Structures are given as structure tokens and as C-alpha cells.
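Q: Please take a close look at one part of this model: the pairing of its strands. I am new to this structure, so please also set that part in its surroundings and give the cut-offs of the terms.

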Amino acid sequence: MNNKKVIFKISGMTCASCAASNEKAMQKTEGIISANVNFAVKKAYVEYDADILSEEQVKKVVEDNGYEVMRNVERGTWNAKRGTRNMKHHEGDDMTLEGGHKHEMEDVDKNWRDFLWAGILSLPLLLEMVYKLRSGVMVFEQDLVMWAHLVLGTVVVLYFGRRFHKMAFKQAKKFRANMDTLVSMGTLSAYGYSLWAISNRQEGYLETAAIIIVLILLGKYFEAKSTGQAGEAMKKLMELGAKKARVVFDGREKEIDIEDVKKGEVLLIKPSEKIPLDGKIIEGGSSVDESMLTGESLPVEKNIGDSVYGGTMNQNGVIKIQVEQTGEGTVLAQIMKTVEEAQGSKAPIQKMADKISGIFVPIVIGIALVTFLGWYFFTADISLALINAVSVLVIACPCALGLATPAAIMVGTGTGAKRGILFKNGESFERAKNITMVVFDKTGTLTKGAPEVAKIVLNPEYDFSEDKILKIAASVARNSEHPLSRAVTRRAKEKNIVLADFGSVKEISGKGVTAVCTEHNTPVALGNIKLLEEIGADISWAEKIVMDENLGVGTRIFAVHDKKIIGAFIIADEIRPEAKSVIEKLKKLGLGVAMITGDNSKTAQAVARELGIDKVLAEVLPSQKAEEIKNLQDRGEKVVFAGDGINDAPSLIQADLGIAMGSATDIAKEAGQIILMQNNLEKVVEAVQLSQKTFRTIKQNLFWAFFYNIVAIPLAALGFLSPIIAAGAMAFSSVSVVLNSLRISKK
């Protein structure tokens, strides 16, 4: 199976029913594996089998369904050179990155122009409702003013309302209905009755039909404008990429398009210039503003050997970098891709709204028909029956239902990205709703993850000097990438100790490293008490070292020579300065806090006391961490796990909400639902609060969308709402959902 993904924009969708219709059409098509249509951003996110369908055939499914695929904006593929959206050429295409946003602005402007002209032309009809103006000039037995009103009403209903009638007709041909169907049926019914009434010298409802169109156009303008504001964070991200780069070759500088830069090339970046692509500094030094990636406002000092990322801003120094990533590999590209995929995803809570949206319009048409027949049967007044049925048609609002979840997700993910918090999908927000406990991995999360040897303790039973113990331990440790092993080898390097060659090296996860001295064929080891027990060493001295608080806080590991424990290393990892205040904030939110670590219980308890953590899970092997998380869940806890990335993948997946810390270079590989772009524990609190705030907003939106329709439709059916009031209420119901979602971005 040759699976491919494509994202494309759909024009003509006016409500959730449209999105559901397009989804259903694609899901029924052979070769399409999954399809998700987001009404808020008007985009389709499709995975398909390229052996069965082409990308054009996927898009044709939508076009055959009566909608237009926008081929002059983002294509949904990633430029292999740039890390920005790839704009493939088509006749008349807008080839700029801003093409999609330009189209959105044009859509807003068009809605405003249509509303403005329709409003101006409807004004005389509105005045007619109040003053009943007449000219006294009769034409075909009807006052000239009425004929003028008929012309104005016709232009408004048929010309400025043509978008609704056109789409309603397309839907009718396929025996389907959407919001356009409701608007078209309502306005054309009022307009048709008015034609009959005028021809029979009676009062019609031209002003009703026209003003319904005006108010709905106004609602569409506000909806487009506010939805655009909801996607503002994503737009700013997309605008961050540099367009040009200054390449240094044979001592000469040449400015070229970013698409033409290759890995390994050297770029020169001057002060106040954007860093074009990801790379390492090979000459010079500077401070770099990385706020667009991490949400951290303070600049970061960068020197030779440090990594820099495309889209960040070089501030005050001239630097040369060697390019390490282009295109999809850059951090900016990965962020954009993650945010866009998250905005296109659905939270589980949306399933109910989607099901209702799929049958909503036919039900409303049925209610309108019953309303008409009921009023006509009881009053014999066709005019009254018609106007109440029109009220039902135009007050029903599938748009609010369709926007309730995606609008909130769009604002939540965009706000998160701006603050250096990446939500991988819409489910992330729902997972945060009932959390009761936050579990932190110790090393690299609560601590800085750069442990140092604080003390070396000699075993007085054996005649080994400190340097000798360090040489044996470091010779074993250099074969391991574990932070504790690196701390030991770093100390040996600082003391210029020449290391020995050891063979048969074996690293035992969560315990330590064993090897054999090739010169004397002697077994050696470096590890914790679990390793000592495994190799059969006498652990009595080691147990005393573990319990001795006078040796200070730190992890105890032991050097072993021929099953003799010759010394111990006290290795301390500095606690993050913000850790204590973060734990206090989480407790104020009513959450329990726990720490999980492979350290011995004594060391773990000392760290926990310093930080104010009540629950400690110590001496846990890496393979057992996920099991410990599950044990907490089995006891009724809803667990957030915060760990330092790939090593904690099983725990991040097992937790109800997984937060991966400081994973700027491994975004695509991370497990869990949330990725923090910097190693700052404050972001854990922020991520939890933003998740919960977004989900609360989703629930509020859905409540008001359902409440509005449940209350408004019966009121309209019972004759308590005129069509004009109904149209105004319908137009602004969807706007209110988006405006409520925009509150998420406010701190």
C-alpha cells in the first residue's frame, strides 16, 4: 500500500452539513483511507492509497460533490527545500506563501461588499415597513413604489443571494440539503409569495426576504473575519520563514533563494537578520531570539558548536552556520506541520455534533413543513403559515454546531504554538478534562539532566586510589550514553586520566554497565545496587553508603573490580530553579504531584522533600515506568506524565495526557500529546491550563450551539419570532461561537 497524505482547501462550504457531506463522500470512495474535513479552516485532510487514486482524483470527489477545490493556495505538501508550503504551479496560481491568506482576505472583503450593497438596496424596503410610502402613480394597478421595491428586492434576493440558491440547487440535484438550502427555501418562499401578493394587489414580504439575505451576509462577513483572527497564530508562523540566504563559497558571498540551499553549505547571517535554516554555528557568536519557537522572550546566547534554527532572529553578532536541515527537517517546518495537523484533527466530543449535523437540515425542513401545515390548518391564513415556516428555516443554525469544536481547537493550538507548546491533535484538550495527578520523571525533567560527580568515596577494605577507581569506572562508562555514565567519563577527562580498553561490554537498562578488562581478563562493572546483586557482589558496604545522609544528596553508583566494590560515586543533578514554584502552582490547581525515578529511595525522598512532592516512585526501571503509571490509573487517578522525550515514550503513551519536554529537534518522533519547545517546567503548568481552558470552551460552544437550536426552532415554529429576528439570530450564532473561542488566546 502506497499511502500518501494531502491537505487542500475547499470553497463553498457554508455549514457543518457541508463538511460532513464531503467527509462522507470521500470516506465512501475506494482508495481513500481516511478523510477529515474541518469546517472552521475550510480544509480537507486526506490519507489515500496512491496505487488506487491520484491526488487529482481525490480532489475530484469533492468537486463531484458540488464544491470547489481551491487550487491557488496551499497544497498541503511540504517544500523539500524550504520548510514552507509547497506551491506547485498551475495556470493562474498565486505562487506566494501568502496565497491562502490573500484568498481569505478577499473572501472577507467580498462578504463585506455584498452585505454593504445588499443593505443599501434593502434600506427603502425597510423604510416601507415603517412608513408605508406611496407615490400615487399607478402602473398595472399597483403603486410605482411597490414596483420599485420589487426591483430592489429581486436584485437583493436573486443576485446578492445567488450563492445560497446556487449551492442549494447543487445539493438538491444530489438529493441533499445544507444551510444554503434553508436560506434559499426561506427567502425564495417569501419572495415567491410576494410576487403573487403584488400581482393581486396585496401586501407581500419582499422586505423580509431581502433583509434575511442582508443579515446572513453580515453574519458571513463577521464569521469570515473572526475565523481569520482565530487562525492568526498559524499565519504568523507561516510568515516566519526567510526567503533568501547568503551563501559563503570560496570566500565569496552570494544571496540565493532559500529553495536552492543544500545541506552542508555555509551561510552568513548578519545582525537583525533571520536565520534561514537549521544549522550549527562554525564561526562567531551572537544572541538569538528564539521566541517564535519556544515562547521564551529572553534571547539565547549562541557560540561555536551551538545549534540555531530557521526563522529565529539573529540579534547582535555576525555568525556563520553550516546548514544541517532543509525543508521538512527544519524545526519550523515540523512545528507548522504539527500545528496544522492538530487544527485539522477532531476531539472525540465532536462526534456527537457531527452526527447531528449530518441529519440536522432535513429535520429542520421537516419541522418547517409541519409548521406551515399546522398554522394553515388552524388559522387558514397562508400568509401567517408561510412566514412562520420561513422563520423556522432561517433561524436553524448548523454553522454554530460545525464551528463549536474546530474554532476552539484552532485557537488553542495556535495560542500554544505561539507560547512554545505544541498540541499534536484535538484529542489532547479532551484528555486534560479530568486529570487528578501530574507525574514528573526526575532526571532531565525536574533536574537539568546534566549530572556531575559530587564526591568519590573509597572503600577502605581495598587498596584502590581515587584516580584508580575513576580510571576503572570511566573505562566502563565510556561505552554508555547514560547521563550518570557520562558524568563519570567527564570527571576522568577533566583529570586527564588515560582510560583502559575493556571488552565484552554489556549495558543493563536501569542497572548499569559490565565489562571485562582485556589486559588481566578481570570482570569490572559500574552501576547501582541492583547490578551489584545481579553479579553476586557483597553489598553490605554499598548499603551503608546508600543510607549515609552525610554524603549529601545524589545518586549512588558503585565501581566493581573482580566482584569487589572498590568505591562509590555520589552524582548530583542540579534541580531546575523553577521546579519548586511549579509544583506549588499545580497543587493550587488541586492536582496531586508525584515523582518517578530509577534512583534509590533515599536519594529520591531527599529531592522530593526539597521540592514539596508528596508521592515518590523510586527504584523504578525504565521498562517499569509505564506500568507504574498504569497502577496509578487503576487506582482511579487521571495522570499527566511529563518526561524528557523519546526515552519516556511508553510512559507518555500510557498516561492520560503525555507532555514531552524540550524536544525542539525531535518533534515528529515524540510520543505523547503535547510537546514543549523548551526545558522550562513553567510550560507544564501552562500546557495543562491551556488544555483545560480550550476544552471548557469547546463544551461552552457546543452547549450554546445546541441550546440555541433547541430553544430557537420551537419559538420560531410557535410564531414568537419574525423571520428578520430569526435571520439576525442565526447570522450571529456562529459568530458568537468563534468570538468565545478567541477568548482562549487571552491570558
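**Strand pairing and its surroundings**

A: I269 has I319 of β15 as its bridge partner. The model is a predicted one, in which local features need pLDDT of at least 70 and side-chain atom pairs count only at pLDDT 80 or more, while totals for chains, interfaces and linings use all residues. Residues are numbered from 1 along each chain as its sequence is written, and side-chain values use heavy atoms, with hydrogens and water left out.

This bridge belongs to the antiparallel pairing of β9 (residues 266–269) with β15 (residues 319–325), which extends over four bridges. Two strands are taken to pair if DSSP finds at least two bridges between them; strands (E, at least two residues) and helices (H or I, at least four) are DSSP runs, numbered from the N terminus. In general, strands of a sheet pair through backbone hydrogen bonds, either parallel or antiparallel.

Both strands lie in an open sheet of six, ordered β8-β7-β9-β15-β10-β13, with antiparallel pairing. Its edge strands, β8 (252–257) and β13 (307–308), each pair on one side only. β8 is joined to β7 (residues 244–249) over six antiparallel bridges, and E253 in β8 is the bridge partner of V248. These two strands form a hairpin with two residues between them, and D250 in the turn has a positive phi of about 55°.

Another open sheet has seven strands in the order β16-β28-β27-β26-β17-β24-β25, and its pairing is mixed. At its edges stand β16 (421–423) and β25 (615–617), each with a single partner strand, so one side of each is left without a neighbour in the sheet. From one strand to the next, the twist averages 20°. Within this sheet, β17 (residues 437–441) and β24 (residues 592–596) pair in the parallel sense over five bridges; V438 has V593 in β24 as its bridge partner.

Helix α24 (residues 682–717) lies across β16, β17, β26 (639–643), β27 (657–660) and β28 (674–676), at about 40° to β16. Axes here are lines fitted to C-alpha atoms, for helices over the stretch in contact, and angles run from 0 to 180 degrees between N-to-C directions. Helix α13 (residues 398–418) packs with α24 at an angle of about 165°, their axes being 8 Å apart. That makes α13 roughly antiparallel to α24 (under 35 degrees counts as roughly parallel, over 145 as roughly antiparallel, 65 to 115 as roughly perpendicular and the rest as oblique). Contact means heavy atoms within 4.5 Å, and the residues that meet include A404, A408 and G412 in α13 and L690, I698 and F706 in α24. By class, this contact of α13 with α24 has ten nonpolar, eight polar and no charged residues. Ala, Val, Leu, Ile, Met, Phe, Trp, Tyr, Cys and Pro count as nonpolar, Asp, Glu, Lys and Arg as charged, and the others, Gly among them, as polar.

Finally, confidence is expressed as pLDDT, the predictor's confidence in each residue, from 0 to 100. The chain averages 82, and 88% of the residues score at least 70. Where pLDDT is low, the predicted coordinates should not be read in detail.
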